[in-house]
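Dear colleague,

Please find below the structure that I am handing over to you. My notes on it follow.

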Amino acid sequence: MIREAFRRQYGTDQGVRVFRAPGRVNLIGEHTDYNLGFVLPVALDLACYVAATPSPDGRVHVYSEEKHESREWLAAESGALPPVHNWSDYPAGVARELFRAGYAIEPQLLLIHSTVPEGSGLSSSAALEVSCALALLRDQKFDALRLPELCRAAEVAFVGTPCGIMDQFVSVFARPNAALLIDCRTLEGQAVGLPQNVEILAVNSMVKHALGQSAYKQRTEECAAAVDVFRQIDPAVASLRDVSVALLEKVLPSVPHVIGRRARHVVMENERVRLFVNASCRADLERMGQLMVESHLSLQHDYEVSCAELDFLVDTAIGIEGVFGARMTGGGFGGCTVNLLQRGVSERFRLEITAEYQQRFGITPQIYECHPAPGAGELKNSEKIPDPAPLPR
Ligand code: ADP
Ligand code: MG
């Protein structure tokens with residue numbers, strides 16, 4: 001299907017190869033990645049696909065099936081591209097970062113098609129970056145461990161979103177049938193098996209409040225301010241990752257109120273990731289669910305990145321029989337919740353949550369089943385999902 005679209009757009013499909021990179025849902029560990037802490041995402045079978053073939057005209061062409069728009073530039077000038085402040089900055093930014101890192105950017109025709117819903121906290125942006133990176137690299141040997149960093153650099157320095165490393169890392173390194181525990185400082189990844197008898201569902205609130213962008217920046221600044229306070233007590237603190245629960249409790253009374261609550265979220269959220277992984281290994285579903293709800297409450301009250309729609313979806317979900325836990329996932333201010341369900345109850349869950357949300361907000365939520373999928377790679381035929389790169393240790 002993507003090859004047909006490619007032929008329609010470019011009038012050829014000679015030499016076309018297709019690269020895939022998944023979106024993700026984060027089970028727990030929210031707003032911890034840019035504080036160099038821990039996260040536990042799973043990759044989705046929702047993914048971004050890029051079909052690509054060499055171009056004879058010296059230019060890189062990108063076309064998005066979702067945007068019905070294209071952009072092109074001279075391949076040789078990839079290192080000096082300016083942002084134009086639309087979606088095409090993601091592929092252009094990736095090209096620039098790859099070029100500056102010493103990779104060759106060859107003239108190519110690229111067609112983008114993504115099944116990851118945009119701006120919903122399931123990381124359509126990283127899926128776009130990583131799939132474009134693989135297509136642009138094509139046959140060049142590359143260091144998989146550098147790939148997430150280069151894609152993140154495109155998003156931070158070119159697009160201008162100060163994001164952490166989680167989305168790009170899991171899109172590259174996810175394991176099938178497992179969540180990925182990522183240490184965002186050391187960039188080590190560890191596959192974490194999930195209990196057999198659960199299902200993960202993402203519920204899309206279908207809202208995106210404008211506050212999100214500015215609040216994200218503000219939170220990163222508040223976290224930096226918190227680090228300054230803790231560093232006065234313990235000079236070894238370089239990020240909130242280094243603050244133990246004991247140090248938090250000792251210092252909290254003397255920290256300005258807002259800064260203290262932001263720090264408390266990050267420190268306790270890192271702790272919750274550890275506890276969640278332990279609970280998952282014991283198949284303690286009740287505990288896993290509890291930790292998700294604690295995470296949500298912390299994001300709602302301490303970190304203040306939730307919104308009425310997300311709070312309602314979480315409150316409603318945990319009142320449905322067979323639901324172990326739920327929380328907002330992604331940056332916040334809209335987007336999705338992630339829900340941990342007993343296997344077999346998802347149909348009833350869908351009906352109930354849809355009806356309640358419609359009644360309260362007049363909006364029909366989209367619901368996605370999340371089957372932990374492998375990380376990015378080339379599709380050898382349009383059906384087969386390839387093995388991801390070996391995990392860094
Ligand atoms: P999220 O990563 O949670 O989906 P972001 O705001 O980080 O949300 O990224 C969404 C942006 O990524 C979109 O606004 C758009 O610019 C870009 N994007 C995602 N998917 C596509 C696509 N298929 N085609 C073009 N641009 C896309
Ligand atoms: Mg994103």
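How much of the accessible surface of the chain belongs to carbon and sulfur atoms? The share is 51% of an accessible surface of about 16,000 Å², with areas taken from the Shrake-Rupley method with a 1.4 Å probe, where for residues only the protein chains shown count as cover.

This is a predicted model, in which local features need pLDDT of at least 70 and side-chain atom pairs count only at pLDDT 80 or more, while totals for chains, interfaces and linings use all residues. Residues are numbered from 1 along each chain as its sequence is written, chains are lettered from A and ligands numbered from 1 in the order in which they are written, and side-chain values use heavy atoms, leaving out hydrogens and water.

The chain as a whole: 60% of its 393 residues count as buried (under 20% relative accessible area; exposed is over 50%, partly exposed in between; 1.4 Å probe, protein chains only). Its C-alpha atoms fill a box of roughly 65 × 50 × 40 Å along the principal axes. The secondary structure comes to eleven helices and 13 strands (DSSP runs numbered from the N terminus: helices are H or I, at least four residues; strands are E, at least two).

One residue in detail: P91 lies in helix α2, residues 89–100. P91 is buried, with a relative accessible area of 1%. Beyond its neighbours within four places in sequence, P91 is in contact with V62, W73, I112, L128, C132 and L136 (heavy atoms within 4.5 Å). From P91 to A126 there are 35 residues in sequence and 10 Å in space, C-alpha to C-alpha.
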